[in-house]
Amino acid sequence: MNRNAPGYVLGFMALLCAVFGAGVATVHYATRDMLAANERLNHNRVVCSAFGLPVEGRAPADYARAMEQALVVATVPDGRGGARSVYRRADADPPVVGFTFWGMGFWDRIEGFAVMTADLETLVRLRFLDHKETPGLGARIEEAAFLDQFEGLRPDWTAAPDRRVMIGPAAPTQAGNRVDAVTGATQTSSALMRFLNEELERLRALDWTSLEFEPLPGSEP
Amino acid sequence: MSVRARDIFKAGLIGDNPVYRQVLGICSALAVTNLLANTLFMCFGVVFTATLTNVTVSLLRRHIPKRVRMIAQVLIIASYVMMVDTLIRALNPDIHRFIGPYVGLIITNCIIMGRAEAFAAQNPPWPSLLDGLACGLGYSLVLIAIALVREPMGFGTLLGIPLPARELWWHSWTIMLMPPGAFFMLAILTWIARSRTGAKETSA
Amino acid sequence: MTPDPHSVPFLSLLLVFVSAAFTDNILLVRFLGLCPCLGVSKKVDASVGLGLAVTFVTACTAVLNYWVYRYLLIPLDIVYLRLIVFIVVIAAFVQLVEMVVERLSERLYQALGIFLPLITVNCAILGTALFMIARPYNATQAFVFGLGSGFGWLVAITLIGGIREKIDEKHVPPGLRGPGLTLIVIGIMSLAFVVFSGMIKL
């Protein structure tokens, strides 16, 4: 058999694609429910951690229950043609709101969750849901040393829309709206700064008084 | 261990080391060598994938048409890595948070394909398995050596543990954190290795 | 900023191109496509040849992959297979080009022939396809992004080839000749390209 005949080449590639495509698809479908559950658990964990909610155990249901007890949620347009959830914790004083934000990092999407005071004057905590930045460089945005800087950060609403929160060197360096960039990961830091500021702008544009917060739908079956 | 197996290991680790001798697999993988722990993760992934791919390509070697053999190899590598990635993400999401970002780096790592092409495409499965293992380890050797220099210089730590009395003498060398630092380190390493083993001409 | 998918002003295309070629240079900033670069960059003309071929393939496969992704993978809900599909599209395209060139021009085939096997495995091309779908581009922008990416690779490998031609390797310690020296050149150049980052914000 001629291994270089176009027919053989095409047939071989088709077969190879079919076999390996089917392999990947099988694994994907077999684990789909687990993946979805894991994703929800990760989301709930990050939300609980960002709001500082007391969680009783380590089981998925514990996180869901903690959220149901403390948070109310409203669905708002995300300003990019979709919808998303804004959470509010009413029993905190001052009241705080939490929201997801995302944008392009160096390699792929970075997804984060931020909690702010309801007047949007102070950031309470920032966490990341998902990212694919370079290990040892951009991925260090997940380290406590970087995340802790955001606690109590005050966006400067009088500054230009892309400089309300500064990540990296800025003058004056003592400004209350500035955090240090991750050393060696300029691109990740500046990308984060860009889409965090975009998100702040969208949040400010929201009509907060008309939002109707509702109890969380029981997210666990 | 038979004589043949020993030869394969010796070639993969030293004589024909894939990194400094064949100049393969240096792409984006170099970015991770600023922390030893990340380097070890990456090495494990490469050894595993290289071995698995080599065996598969070797089994299929009589059927893969010459014209498309490289692409067939990339396809095999990508499928394996994606399957393992999905499985880990489903079974243990906490581990996946650490290793997820390496997936792209492993697929685009040309060392795996280079070995499949140079060795597994012409040899039976068992030697191919050994070759994948040996070259993966040879690759790990070089990356670990680089990480052993970069992490102390850049972060003042080793495996995350601060070096003794680093306040007295250590100052962060930012270039060691950035990818160019890896290039300079690799150049120096290549220099040393080639000077010691004799600079025979190789084409990458 | 999210570009409006229906109108594509020239300036925005220019921005996509320049940022893909320089601020996000695929070779010197993202370090993709390094292995063929180390092997081929000995001479300027070989570098330019491979660079042009890569640019052509990157631009065409970027828009092809965009269509496949948009009109095949998303409707069929098999986005998780994108990596495999992209690899196959790129390989098929290169095979097709090879066959067309072979029939049309013997000379072009001779010139291009040695580079073609190197192209399918160039991770810069696959990388471009993956970055492209992660951004809110339309087909035109995807094409320009691919063109910019490939052009950036071409510029980088030509510069490296030029520098390697100028360095008289006779005066270089034997162990450092070839790859060692090239690595140092790439390291220094990538430091220079780091400065580009932050010049353009998209």
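Colleague: Let's start with Arg65(A): how much relative accessible area does it have?

Modeller: Arg65(A) has a relative accessible area of 35%, so it counts as partly exposed. On that scale buried is under 20%, exposed is over 50% and partly exposed lies in between (1.4 Å probe, protein chains only). Bear in mind that this is a predicted model, where local features need pLDDT of at least 70, side-chain atom pairs count only at pLDDT 80 or more, and totals for chains, interfaces and linings use all residues. Residues are numbered from 1 along each chain as its sequence is written, chains are lettered from A in the order in which they are written, and side-chain values use heavy atoms, without hydrogens and water.

Colleague: Which residue does Arg65(A) meet in a salt bridge?

Modeller: Asp62(A), at 3.3 Å from N to O. A salt bridge here is a side-chain nitrogen of Lys or Arg within 4 Å of a carboxyl oxygen of Asp or Glu. Asp62(A) is buried, at 14% relative accessible area. Both residues sit in helix α3 (residues 60–70) of chain A, 3 residues apart, about one turn of the helix. Helices (H or I, at least four residues) and strands (E, at least two) are DSSP runs, numbered from the N terminus.

Colleague: How many salt bridges are there over all chains?

Modeller: The count is 12. One of them pairs Glu198(A) with Arg202(A), with the closest N and O atoms 3.7 Å apart. These two are 4 residues apart in helix α5 (residues 186–205) of chain A, so about one helical turn separates them. Glu198(A) is partly exposed at 23%, while Arg202(A) is buried at 19%.

Colleague: Which residues are linked with Glu198(A) and Arg202(A) in a network?

Modeller: Arg84(A) and Glu199(A) are linked with them in a network of salt bridges.

Colleague: And where does Arg84(A) sit among the strands?

Modeller: In β2(A), opposite Val76(A). Strand β1 (residues 71–77) and strand β2 (residues 83–89) of chain A run antiparallel, joined by 7 bridges; two strands pair if DSSP finds at least two bridges between them. They form a hairpin with 5 residues between them, and Gly79(A) in the turn has a positive phi of about 80 degrees. A hairpin through 6 residues then joins β2(A) to β3(A), and that antiparallel pair has 4 bridges.

Colleague: Switching to interfaces, how much area do chain B and chain C bury between them?

Modeller: About 2900 Å², 82% of it on carbon and sulfur atoms. Buried area is the accessible area (1.4 Å probe) that two parts lose on being put together, summed over both. The contact, meaning heavy atoms within 4.5 Å, takes 33 residues from chain B and 38 residues from chain C. The rule finds 0 salt bridges across it.

Colleague: Which elements of chain B give two or more residues to that side?

Modeller: They are α3 (69–91), α6 (110–120) and α10 (179–197) of chain B. The largest share, 10 residues, comes from α10(B).

Colleague: What about chain C and chain A: how much is buried there?

Modeller: About 1400 Å², with 62% on carbon and sulfur atoms. Arg30(C), Tyr80(C) and Ala134(C) supply 33% of the area that chain C buries against chain A, more than any other three residues.
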